[in-house]
Every structure is written in C-alpha cells, then in structure tokens.
Amino acid sequence: MDAVRVTMLRELLAETPWIARTRGFAGTLRETARPGGLLLVGTEAEEPWHLAAHLSDEAAYADLPELSPVLVRHHVPPGAPPHLAVPLARLEEARRGETVFVVAPDAAGEGLLERVHDARRVGATVLALEAADPELRSLAHEALTVTPDPGAPSFELVQHLVSAAAGEPTTPRRRATDLRSRLSRLIDHLTAPAPPLGW
C-alpha cells in the first residue's frame, strides 16, 4: 500500500461513521464467553485468513484469549496443522456461549447457511459480515452489511476496522490505549505483507 492510499485510509477512518458501526459490531464479538468459542468461517470461495490473523493479534495484544478465533474451513487439505484443520463439522458442535462469525463477501451457500441455522437454534450467537446476502443476514443476531458504494470502505477494509475495534479496551483491566494508537496499529497491519499460510 503506497503513501497516497495510507493517507486516504487515515482520512476515511477519521471522517466516516464506519468506526462507530464497526465498534458496535466488535462489542458483540467480544461477548464470546470462552477461549476457543469464536468460530470464524468464510464462504467456500473466500476464507478469512487476514481477519483470523488480525483477530489473533488483537487477542494477544489486549489479553483477550476469547477473541482469538478458531478458523473453520470448508476444505481441509491433508497434513494441515491442527489450528488450520478445523472442518465445517465444528459448527455442528457450536453451543450457547459460543459465537459463529460468518464473513461472506459472496453468497454464503446452502450448506453453510444450514449449519449456521443449526448453531443458532442451539443457542450460539451468530454474527455476519456480509455483502448484501439477505439469507445470511436473516440468520444473524447482528449483521454488518458492506455493499459496493463509491462512498463506502471496501469489504477488506471493514474487516480491518472490525478487528481493530475488537481489541479496543473497554474495562480498566485491559491495556489503556487511545484511538489514535489503535488506528496507527491498523495502518501497520494494512501496510504489512500478507501473513504466511501457517499464520
């Protein structure tokens, strides 16, 4: 990301309502009750690697182990390490106190929607970051919709805003840091190379 885009990003973060929107969404995300209970899943075409990595970073930085996600995958390749080998069947084990966080820049697909519906029925909280998928939105307890719009941030940028907001301190026990510091860290994330697959 070049300097012009970084400058534009800073302006975007400072002057749009998206920070407030993503902060509210992230507040619900933080309500996951226990470590290992945040189940992050994408669509068959798009796995949310970057969001998983950034949430893991925020969990460590803010001392919030419950914020570190379990990346649930549609297809697990042979020999994948344990943290990258969690299949969709894990959603069938979701329970009350856990959160199923669906990131869908494209259609979620019938198989995923069925599993999400079942998880909700047994008491899991369902969150959706989606790009105008009405079926997924109807299943979610809370949805953040990102539609293509010249005046709106991209789907990828909203993922970064959510992860940064999720790590913001909300109680005295968490590290005190101001919004400028959090946004500075977000800029660092956005300008860093993509994490390796073994993230």
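## Overall layout

Reading along the sequence, you will find the protein chain following the pattern α-α-β-α-β-β-β-α-β-α-β-α-α. That gives 7 helices and 6 strands in the protein chain. Please keep in mind that this is a predicted model.

Of the 199 residues in the protein chain, buried ones make up 45%. Among the contacts in the protein chain with a separation of 6 or more, 69% are between residues 24 or more positions apart.

## Helix α2 against helix α6

Two packed helices are described by the angle between their axes and the distance between the axes. Helix α2 covers residues 18–29 and helix α6 covers residues 155–166; their axes come within 8 Å and cross at roughly 55°. That angle makes α2 oblique to α6, and the crossing in which α2 passes α6 is right-handed.

Which residues meet here? From α2 come Trp18, Thr22, Arg23, Phe25, Ala26 and Leu29, and they meet Val158, Leu161, Val162, Ala165 and Ala166 in α6. Sorted by class, the contact of α2 with α6 has 9 nonpolar, 1 polar and 1 charged residues.

## Helix α3 against helix α6

Helix α6 also packs with α3, at an angle of about 15° and with the axes 9 Å apart. The two helices, α3 and α6, are therefore roughly parallel to each other, as angles under 35 degrees count as roughly parallel. The crossing of α3 and α6 is right-handed.

On the α3 side, Leu51, His54, Leu55 and Glu58 take part, meeting Gln159, His160, Ser163, Ala164 and Ala166 in α6. By class, the contact of α3 with α6 has 4 nonpolar, 4 polar and 1 charged residues. Ala166 is listed in the contact with α2 and in the contact with α3.

## An aromatic pair

How many aromatic pairs does a search of the whole structure find? The search finds 1. The pair is formed by phenylalanine 25 and phenylalanine 101, and its geometry is tilted, with 5.6 Å centre to centre and 55° between the planes. Phenylalanine 25 lies in helix α2 and phenylalanine 101 in strand β4 (residues 99–104), so the pair ties together parts that are 76 residues apart in sequence.

## Loops worth a look

Most residues other than glycine have a negative phi. Aspartate 63 is not a glycine, yet it has a positive phi of about 55°. You can find aspartate 63 in the loop between α3 (49–61) and β2 (70–73), where it is exposed, with a relative accessible area of 52%. Alanine 132 also has a positive phi, near 65°. This alanine 132 sits in the loop between β5 (125–130) and α5 (134–139), and it is partly exposed, with a relative accessible area of 42%.

Proline 169 belongs to the loop between α6 and α7 (179–191). With a relative accessible area of 27%, proline 169 is partly exposed; the cut-offs put partly exposed residues between buried, under 20%, and exposed, over 50%. Where does the chain bring proline 169 in relation to leucine 64? The two are 105 residues apart in sequence and 9.9 Å apart in space, C-alpha to C-alpha.

Notes
Residues are numbered from 1 along each chain as its sequence is written. This is a predicted model: local features need pLDDT of at least 70, side-chain atom pairs count only at pLDDT 80 or more; totals for chains, interfaces and linings use all residues. Side-chain values use heavy atoms; hydrogens and water are left out. Axes are lines fitted to C-alpha atoms, for helices over the stretch in contact, and angles run from 0 to 180 degrees between N-to-C directions. Helices (H or I, at least four residues) and strands (E, at least two) are DSSP runs, numbered from the N terminus. Angles under 35 degrees count as roughly parallel, over 145 as roughly antiparallel, 65 to 115 as roughly perpendicular and the rest as oblique. A crossing is left-handed if the near helix is turned anticlockwise from the far one by less than a right angle, and right-handed if clockwise. Contact means heavy atoms within 4.5 Å. Ala, Val, Leu, Ile, Met, Phe, Trp, Tyr, Cys and Pro count as nonpolar, Asp, Glu, Lys and Arg as charged, and the others, Gly among them, as polar. Rings of Phe, Tyr and Trp (its six-membered ring) pair if their centres lie within 6.5 Å; planes under 30 degrees apart count as stacked, over 60 as edge-to-face and the rest as tilted. Buried means under 20% relative accessible area, exposed over 50%, partly exposed in between (1.4 Å probe, protein chains only).
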